[in-house]
Amino acid sequence: MERYLSDPPDGGYGWVVVTSAFFIMGLTAAVFKNFGLFFLEIQSYYDVLNSTTSWMTSTTIAVFHLGAPLASALSMHLSQRTVIIVGGLLATSGMIIASLGLSLPWMYLSVGLLQGLGVSFSWIPANSMVNHYFRRWRPIAYAIASSGECVFAMGFSPFFQWLIDSYSWQGALLVIGGLQLNLCVCGALMKPLPAAQTSIQDKPVLEDGRTSKKGTFQWSLLQRPELLLYIVFAILAAAGFFIPPLFLVPYASGLGMEPYWAASVLSVLALADLLGRLACGWLANLRLVRNLQLLTMMVTALGVVLLLFPVAQSYWSILVFASLYGFLFGCVVAIHVTTIVDIVGLEGFDSALGLFMLLRSSGGFVGPPAAGWLVDRTHDFGASFYLSGLCLVLSGVFLVLVDRLVKKKLKLPHSNTEATDQPTLKADGAHV
């Protein structure tokens, strides 16, 4: 992959990239977010425990994260366009094989391995392209792109339920696989930025001091304590992130709610998620506070809401808590990836994102099965929300530590951390 322009376009074809990323988020993350609709169907078909069924989703999450460094490295040496097209083919093949309903191990292979890797190969390069095409408008551009997950999720909730009722869960997966083939079209629109001579601070430097035209994966970023602490935050947050979408529909169904009413909760959640992403993206773009401070507040509030979620015992109370959860979740998602730039700079972003996704996979892999085990032991789906909320509140503690380290580095006279996207302080304390 050629080196990017040192000064991102901040517009122009970048908005086509944002639109393409919008659809990629919808055809990947929104599908996963609504996979809870298939939970009880698949569990009943194979006649297994909650924890056993949860391993299928956990495998998808783990492979999605574990494939991130590979997706980043391939994007650097080939192009984001190529990797996204390959991802679309993998995701589609995974759903088609899963629709055959062969056996549970085949579900782990198809939905877990192929779908997870396909989503990773599509999601990672799309995020990279948006962040490289924008600088000043990066938070709002990413918020718009990531909102595709919410817009598609609102439509997918009733649509998937209708597909299940009309064609069974197997027929529904086959249709979804066909939809995900459109990831290849989105990938074709991902036009790489033209190569250009960059300033010294933007060039990758080799050991002998020469500059490289090709990007190289920077494993040395793991030596930065602020990135390591941010990854610990990500591990805890991932353990909590993926539990509610999986157990929300079973929780509502356990209270006697009809399937379509339960599915409507996911639609409302997706709408609140959309509003949260756009609102937090806009707020982050104002740069009134540092992204890390804003992220800390939103993650802590999200954890508290999930700890209180089991209080909801009726449709309308569930709707209120789901709306709060969706809005705050959207706020977190809107800035948690772009915050990586504030920690390692734009030059290290691709490698840091790969490492971030790789190492946080442990949280996403353990979280749903642990929640499923709790549900099996307590016979209460509400227990899964307690675990989710606790993980998110604890993750906020590590964000505070990261913020302190980043502030300390910004005060150093010769700090090499890119701080152009953060609010800086004049001598009188005013933001500039």
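Predicted model: local features only at pLDDT ≥ 70, side-chain atom pairs only at ≥ 80, totals over all residues.

H4 covers residues 68–77 and H16 covers residues 349–378; their axes come within 7 Å and cross at roughly 160 degrees. Angles over 145 degrees count as roughly antiparallel, so H4 is roughly antiparallel to H16. On the H4 side the contact is made by Ala68, Pro69, Ser72 and Met76, and on the H16 side by Asp350, Ser351, Gly354, Met357 and Leu358. By class, the residues of this contact between H4 and H16 are five nonpolar, three polar and one charged.

The next pair is H7 and H8. Helix H8 spans residues 148–180, and H7 packs against H8 at an angle of about 20 degrees, with the axes 4 Å apart. Angles under 35 degrees count as roughly parallel, and H7 and H8 are therefore roughly parallel to each other. Ile144, Ala145 and Ser146 of H7 make the contact with Gly148, Glu149 and Cys150 of H8. Three nonpolar, two polar and one charged residues make up the contact of H7 with H8.

Helices H10 (residues 225–241) and H11 (residues 243–254) form another pair, with axes that come within 6 Å and cross at roughly 15 degrees. H10 and H11 are therefore also roughly parallel to each other. Here Ala239, Gly240 and Phe241 in H10 meet Ile243, Pro244 and Pro245 in H11. The contact of H10 with H11 has five nonpolar residues, one polar residue and no charged residues.

Rolling a probe the size of a water molecule over the atoms shows where empty space is left. How many cavities of 30 Å³ or more does a search of the whole structure find? The search finds four. The largest cavity has a volume of about 470 Å³. Its lining consists of 28 residues, and those nearest the centre are Ala29, Phe32, Phe64, Glu149 and Phe242.

Which helix gives the most to the lining of the largest cavity? That is H1, with six residues. Helices H1 (14–33), H3 (50–66), H6 (104–133), H7 (138–146) and H14 (315–336) each supply at least two residues of this lining. By class, the lining of the largest cavity divides into 17 nonpolar, seven polar and four charged residues.

Definitions and conventions:
Residues numbered from 1 in each chain as written. Heavy atoms only, no water. Axes fitted to C-alpha atoms, helices over the stretch in contact; angles between N-to-C directions. Parallel < 35°, antiparallel > 145°, perpendicular 65-115°, else oblique. Contact = heavy atoms within 4.5 Å. Nonpolar A, V, L, I, M, F, W, Y, C, P; charged D, E, K, R; others polar. 1 Å grid on protein atoms, 1.4 Å probe; cavity = no way out; pocket = protein on both sides within 12 Å on 5 of 7 lines; lining within 4 Å. Points joined across faces, edges and corners; volume = space filled by probe spheres on them.
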